[in-house]
Amino acid sequence: MTLTSFVRKNAFRNLRRSILTVLSIGFSLLLLTLMMAIWRNFYMEKGSEESALRLVTRHKVSLVFSMPSYYREKIRAIPGVAVVVPGNWFGGVYKDDKSGNFFAQFGTDPDEFFKVYKEWKIPDDQITAWQRDRAGAVVDSELAKKYGWKIGQRIIITGTIFPTNLELNIRGLFTAPQPTQAVYFNQKYVEEAVPFMKGQQGFYTILASSAADVPKVNRAVDDTFRNSPQPTKTETEKAFQLGFLAMLGNVKAFILSICGAVVFAILLVSANTMAMSIRERTREVAVLKTLGFTRGTVLGLFVGEAVVLALIGGIGGSVVAYLIGMGAAKAGGFAGALHVKVATMAVAWAAAAFMGFFSALVPSYTASRLGIVDGLRHIG
Amino acid sequence: MAIPISYNIRNLKLRKGLTVMTALGIALTVTTALFIMALLAGLQKAFKTTGNPLNVMVVRKGSTSELTGPFPADNFGTLKTLPGIAKNAAGEPLVSGETVVVIVLPRADGSGEVNVSVRGMMQNGLALRGGVKLAQGRWFTPGQREVVVSESIHKRFSHANVGDTMEFGKGSWQVVGIFDAGGTAYESEVWGDVNQMNSDFDRQGVYSSAYLRATDPVAAAALKNRVGDDQRLKLDGSLETEYYAKQTSSGSVIKFIGLLVAAIMAIGSSFAAMNTMYAAVAYRSREIATLRVIGFSRPSILTSFVFEAVLLSLLGAAVGIVLMLPFNGMTTGTSNQVTFSEVVFSLQVWSPWVIGSAVLFAIVMGLAGGIFPAWHASRREILAALRD
């Protein structure tokens, strides 16, 4: 019998305890993996190549204030700007005012919209159809699936901010790399219905010509409007999205404290299990030593056992987290942040192995130090 | 006959290490759950206690918040003449036309910028909100570029002391006072004169909302309906209390994420508790058999072990509660989904509802972890167990 098979056999000697330990560690690791995935997606991912080229300009005071439409031409004239489209939050209600029926609706310019969002997939004839119908709209294919919308269908969205309702004809379905759950329509529709929106835009999305142009454009846009009645604030698309997240509260501290609690809980569970199994095997340890196994080997045997159990839990937990992430990514929006990368799973495994290792150190060390005679006399 | 409780307590004491580690694991889970519940309770308190039941809040028809419902100032003249409105000391109707905008302020600790609600109000606006007390300085003077800020804004943002100037709109504003809104939603606002605000934010001729004080609760209900029914106005009325209570939904994201996290941790802890209890049963195999021989019935052994598991989890709950208590009253903020601005509230750990649910949560974990091992213990054959 080799040492590895000895460790393996011991790890599953008390099958029920091993399964319970693995399940307990697995659930904790599931949570840890999801938290790490959120952290990675929010704070470490730079976003797609196209997203890194996009900037969002809004009114400096807050998103609630609008900017004049002529800003668009001024922004377009700035060197390094490839395309710029306006955007307007409509904030209407579909069916009823329940959060389950909430999705974003934006007014924009159909002529250039998909030149900014180049990586979004939509057939060309659908773009043309959208451009030709003033009451046309393009919708996220995932959102269309949720409500069973078909091309050509008419949807009615009740206005809350603006005193008008949208009666939109769906002209196209687009697929974004990360589902957006959004509906885009022609901004002119609202401008015609609501006089005070004439010549007003909520924000501008800018596509820079190259990555090197992004910081230059960022500064140039804000400099252009610095001393106007409506000064602007421009930031990268990623920073713009993170701004919404920051509004939820101190998300970083929240994630870190949960990770801390989970890691500590795993340490406790694993140490508990090892303490129980080592206690039961006091006499065996003495026998092993009598047979000539060194303290180091005995220590290694127990630590190895803990690492095996923690790793199995870690792998199980992270795989389930991966599956949850895949499901959530389909839902889109902030749920997409649950998407788990293989690298994150690998970190989770390493974390599990380390926690198994550290949790077993104290009980295993005590066991390895036990005198042979005392051990043999021990009554479990 | 029931096995005495002291038997369980003594057993927990006997295996101190095991008990402490399992209880700590449960305590961590309880702490997480407590934190979430304290957040939600604080948020709920902020919204549920805001508003005077006699105040009717008016916005444009179809609008869901003050932020999205500007209406022409002409309508305000009509509103003032509606029946059932209380009079102020000067004998004028107690009404206030207001402007609410969202501005961005830098956090005092430098951790970024936050959206804050700024409310421009008429002089009556202060009388309409009798619960809000001045803590420092004085109220703003109509016609002046002066603002008063809430205590939590004063604490959380830079440039929010009496005598400071704040930069927003078209220039600077003098901070002349700090008010104490008693933990209500107003705790997240900056107040100033409505006309000054309107000219700064290019909102001449419109109000975001209007507040009317009714003479009595019946008049308030009548006034609310009257506003909605008046076809000239195209406005909607709601009781101020109702309007704020609805905003509790701002906590739905925290609630969803928090409950998910707590549930996953609870499942993990239940398995750990089960492990401990199985070990306890295994160690005491002979003891249990002896108890049976003496005459204790299977149900009483089952109850005894379940009780021991619950005791273990209650110990965890106690530790968890003690760990969370220092955070009671800590203020934090989240985004108000109705007004897009930050709402400030304080953690409510020490409330009967929060503590009660934490204890219940721990008991459920103890039951989940204890029932199978206890069942196992009560089912063992006496002879086999005695021979172990």
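Q: Where is Gly336(A) found?
A: Gly336(A) lies in the loop between helix H13 (295-331) and helix H14 (342-369) of chain A. Helices are DSSP runs of H or I with at least four residues, strands are E runs of at least two, and both are numbered from the N terminus. This is a predicted model: local features need pLDDT of at least 70, side-chain atom pairs count only at pLDDT 80 or more, and totals for chains, interfaces and linings use all residues. Residues are numbered from 1 along each chain as its sequence is written, while chains are lettered from A and ligands numbered from 1 in the order in which they are written.

Q: Why does Gly336(A) count as partly exposed?
A: Because it has 19 other C-beta atoms within 10 Å. Buried takes 20 or more other C-beta atoms within 10 Å of a residue's own, exposed takes 12 or fewer, and partly exposed is in between; C-beta atoms are placed from the backbone.

Q: And what does Gly336(A) touch?
A: Gln178(A), Pro179(A), Ala328(A) and Ala329(A), leaving out residues up to four places away in sequence. Contact needs C-beta atoms, placed from the backbone, within 7 Å.

Q: Switching to chain B. Where is Val132(B)?
A: Val132(B) is in the loop between helix H4 (124-128) and strand S5 (133-137) of chain B.

Q: Is Val132(B) buried or exposed?
A: Buried, because it has 20 C-beta neighbours inside 10 Å.

Q: Which residues does Val132(B) touch?
A: Phe179(B), Ala181(B) and Tyr186(B), again not counting residues up to four places away in sequence. Val132(B) and Ala181(B) are 49 residues apart in sequence, but their C-alpha atoms are 4.6 Å apart in space.

Q: Back to chain A. What domains does it have?
A: Domain 1 covers 3-46 + 250-377, and domain 2 covers 61-230. Those bounds come from an automatic or database domain assignment. The two centres, taken over C-alpha atoms, are 48 Å apart.

Q: What is the strand order in the open sheet of chain A?
A: S4-S7-S8-S6-S9-S5-S3-S11-S1-S12, ten strands with mixed pairing. Two strands pair if DSSP finds at least two bridges between them.

Q: Which strands stand at the edges?
A: Strand S4 (93-94) and strand S12 (232-236) of chain A. Each has a single partner strand, so one side of each has no neighbour in the sheet.

Q: How do S1 and S11 of chain A pair?
A: Strand S1 (residues 54-59) and strand S11 (residues 203-208) of chain A run antiparallel, over five bridges. Val56(A) has Thr205(A) as its bridge partner in S11(A).

Q: Which helix packs on the sheet and touches S6 and S8 of chain A?
A: Helix H6 (residues 124-132) of chain A does. Its direction makes about 160° with that of S8(A). Axes are lines fitted to C-alpha atoms, for helices over the stretch in contact, and angles run from 0 to 180 degrees between N-to-C directions. Helix H10 (residues 237-247) of chain A also packs on the sheet, where it touches S1 and S12 of chain A.

Q: How many residues of S8(A) are buried?
A: Seven of its ten, for strand S8 (residues 165-174).

Q: Which way does S6(A) run against S8(A)?
A: Strand S6 (residues 136-140) of chain A runs parallel to S8(A), with five bridges. Val138(A) stands opposite Gly172(A). Strand S7 (residues 154-158) of chain A is antiparallel to S8(A), also over five bridges. A hairpin of six residues links S7(A) to S8(A).

Q: How many residues do chain A and chain B bring to their contact?
A: Chain B gives 42 and chain A gives 35. On the chain B side, the largest share is 14 residues, from H9(B). By class, that side has 21 nonpolar, 19 polar and two charged residues. Here Ala, Val, Leu, Ile, Met, Phe, Trp, Tyr, Cys and Pro count as nonpolar, Asp, Glu, Lys and Arg as charged, and the others, Gly among them, as polar.

Q: How many residues are in the largest nonpolar core?
A: 174, with Leu31(A) and Leu34(B) among those with the most contacts inside it. A core is a set of buried Ala, Val, Leu, Ile, Met, Phe, Trp, Tyr and Cys residues joined through C-beta atoms within 7 Å. H2(B) gives the most to this core, 19 residues.

Q: What about the second core?
A: It is separate and has 42 residues, including Val139(A) and Leu166(A).

Note on methods
Contact = placed C-beta atoms within 7 Å.
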